[in-house]
Amino acid sequence: MAQFPSLDWFHQVRDVYNSDSSLHKGGGGACHTTAAFKVEDQSYLIVFEGLKCADIRQASAAELKDADFIIEMPYELWKGMIANVQSHGKADLQYTLNSIDLQQDESIAYSPVDDQYRQDLFYRYNQNFQDFFDASARVETTFA
Amino acid sequence: MANKPQGMAVPAAMPDASGPAGVEGVPVPSFEWMGLSAEWGVRIKPGEAGLRIGDLNVGIYGEVPEVWEDQTRRPRGALPRPGVPPLPYNLRNKHQMWADSAAGLYEEAIQRRWIPATDVPWNTLKALPEDVERAVCQVCTELTQYANTEIEIITYWQDQMSYGYYEVKQFLATATFDCARIIEALRKRALSNGGGLGVESRGLVNRMILESRGGWTESAAYLYLVRGTYAMQVLRGLLNAAHNDAERMIFGKAIEDHARHLTYGYDHLKYSVSHQAGEADIMQTLLSLGEVMMAAELEESTMRPALAIIFGGGIQGGRTIGMETYLHLVGDFVRNYLSICDWLGVPRAQMLHPMLKKYLEY
């Protein structure tokens, strides 16, 4: 059982995602980006290389500048999304990254250096990231 | 990395013309062309992501000039042949088409291809209420016209782009294929669930795009910055409102394909504005005109009621929550448009057309 958010939880999701290509249906194809997830005061850098999630690690505030884009939302929203994935096997349409982003006044994804080109990667690889979080359906999860 | 001898290359070995006699009646091959190369001995090695076209930009093959004078079909880096008649490659300045991202986007398009016939789970389609099915089919019809407009305007200009900037021509070839694929997917969606295609769009913005003849940059401003930014919001709204996994796949993949086109478009406009004196002022004028047409289309297009019905789950809901959702979507489009204009160095907030400005309330 892994607790969200934690490095252990993200590592377990990474292992599930990397071990089963049937989980890559939405975002099939190579993906090359370094993104960040920000959950309250915790930040994680995630590196996609080709068809794999190559690395995920905790990041300092300074390291976030290395990210092409950051996905940041309140803890309750993260929790709602992960819980929805756990319940349905994948995010239903109210809890996809796209849906959550549309529902907010400010986009949940932004470039830390205000670079439009790098921010656009959120849309170009949107389904890869959705696939990644959908893989968390197979990780037994508790919440902080 | 390249590994080549220094200086102009000559062939390492020429066939021995004094070798065995040829077969009677068979012409003796000519080997003079074998000595002709501007740079020989190049050995580029694949990197972790394979051998990408961007990796090939070494030595003279990576020299991308500001102006490409050659009006022939000569590949960049090949030796010119005297006497080849010029062709009408009228776009010969880098700022008229370039985007640094083009080579990478080409690779991404090739690697992330999808097949509507088999990747879309068509068996998940289920009967919808007739008003909703009609609205989905109408949106499919209009988005098909967005895509065939994109194909037509790209191919019009692609024909005139010189080969000095081949990465851009390569990427735009994938963009037209992406458009062909989304036309395929939308047509299949419209014709596979008891409905059919709807009514043709009046096409104000389509016509504006197709009649932009001042250069590819002008067309790109209308195609990507004005129409494309709006289309992205529409696709995202449709993914959010997908009725089944088939629609979820279609609109999810359409967003990713369209995002590549926007990345190129925004990148090119940024390059043009920052490398060509006076381009920012020209863009201001173009966008003043483009906003008028875009605002008019938003007022009268059938996309408005059709999307409201989809978002509201029917005609009844389309009058309330559906229309509210649609207006918020357009508000997001205008906010994104203004933000990108700022990033491009062409701020529009103070001059935004009033008929677009009103959407900022939502």
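B:G164 is buried, with 27 other C-beta atoms within 10 Å; a residue counts as buried if 20 or more other C-beta atoms lie within 10 Å of its own, exposed if 12 or fewer, and partly exposed in between, with C-beta atoms placed from the backbone. This is a predicted model, in which local features need pLDDT of at least 70, side-chain atom pairs count only at pLDDT 80 or more, and totals for chains, interfaces and linings use all residues. Residues are numbered from 1 along each chain as its sequence is written, while chains are lettered from A and ligands numbered from 1 in the order in which they are written.

Back to the glycine. B:G164 sits in the loop between α3 (130-158) and α4 (166-190) of chain B; helices (H or I, at least four residues) and strands (E, at least two) are DSSP runs, numbered from the N terminus. Setting aside neighbours within four places in sequence, B:G164 is in contact with B:V64, B:P65, B:W68, B:D70 and B:R76, where contact means that the C-beta atoms of two residues, placed from the backbone, lie within 7 Å. B:G54 is 110 residues away from B:G164 in sequence, and their C-alpha atoms are 14 Å apart.

Zooming out, chain B is built from twelve helices and zero strands. Its C-alpha trace spans about 90 × 50 × 40 Å along the principal axes. Of the 362 residues in chain B, 42% are buried. Among its contacts between residues at least 6 apart in sequence, 77% join residues at least 24 apart.

The largest nonpolar core has 131 residues, and those touching the most other members are B:V139, B:V168, B:A221, B:L235, B:L307 and B:I310. Such a core is a set of buried Ala, Val, Leu, Ile, Met, Phe, Trp, Tyr and Cys residues joined through C-beta atoms within 7 Å. Helix α6 (residues 216-240) of chain B gives the most to this core, with 15 residues. As for B:V168, its contacts, not counting residues up to four places away in sequence, are B:M97, B:W98, B:A99, B:A102 and B:M161.

Helix α6 of chain B also holds B:Q233. B:Q233 counts as buried because it has 21 C-beta neighbours inside 10 Å. Beyond four places in sequence, B:Q233 touches B:L329, B:D332 and B:F333. The C-alpha atoms of B:Q233 and B:N336 are separated by 9.4 Å, although the two residues are 103 apart along the chain.

Over in chain A, helix α1 (residues 7-19) has 13 residues and reaches 18 Å from its first C-alpha to its last, close to the 18 Å expected at 1.5 Å a residue. The expected span is 1.5 Å times one less than the number of residues in the helix. Buried in α1(A) are A:W9, A:F10, A:V13, A:R14 and A:Y17. They cover an arc of only 135 degrees around the axis, so they lie on the same side of α1(A); the arc is that of the directions from the helix axis to the C-beta atoms. The buried residues of α1(A) pack against β1, β3 (42-49), β4 (52-58), α6 and β7 of chain A.

Helix α2 (residues 75-88) of chain A gets the same check: its 14 residues should span 20 Å, and its end C-alpha atoms are 20 Å apart, which agrees. A:W78, A:M81, A:I82 and A:V85 are the buried residues named for α2(A). Their arc around the axis is only 90 degrees, which puts them on the same side of α2(A). An α-helix has 3.6 residues a turn, so residues three or four places apart point the same way. The face of α2(A) turned away from the buried side carries the exposed residues A:E76, A:S87 and A:H88. On the buried side, the packing partners include β2 (33-39), β5 (69-73) and α3 of chain A. A:G89 follows α2(A) and has a positive phi, near 85 degrees.

Where the chains meet, 17 residues from chain A and 20 residues from chain B make the contact. The largest share of the chain A side, three residues, comes from α3(A).

On confidence, the predictor gives the complex an ipTM of 0.89 and a pTM of 0.92. The mean pLDDT of chain B is 93, and 94% of its residues reach 70 or more; pLDDT is the predictor's confidence in each residue, from 0 to 100. Over residues 1-13 of chain B, pLDDT stays under 50. Where pLDDT is low, the predicted coordinates should not be read in detail.
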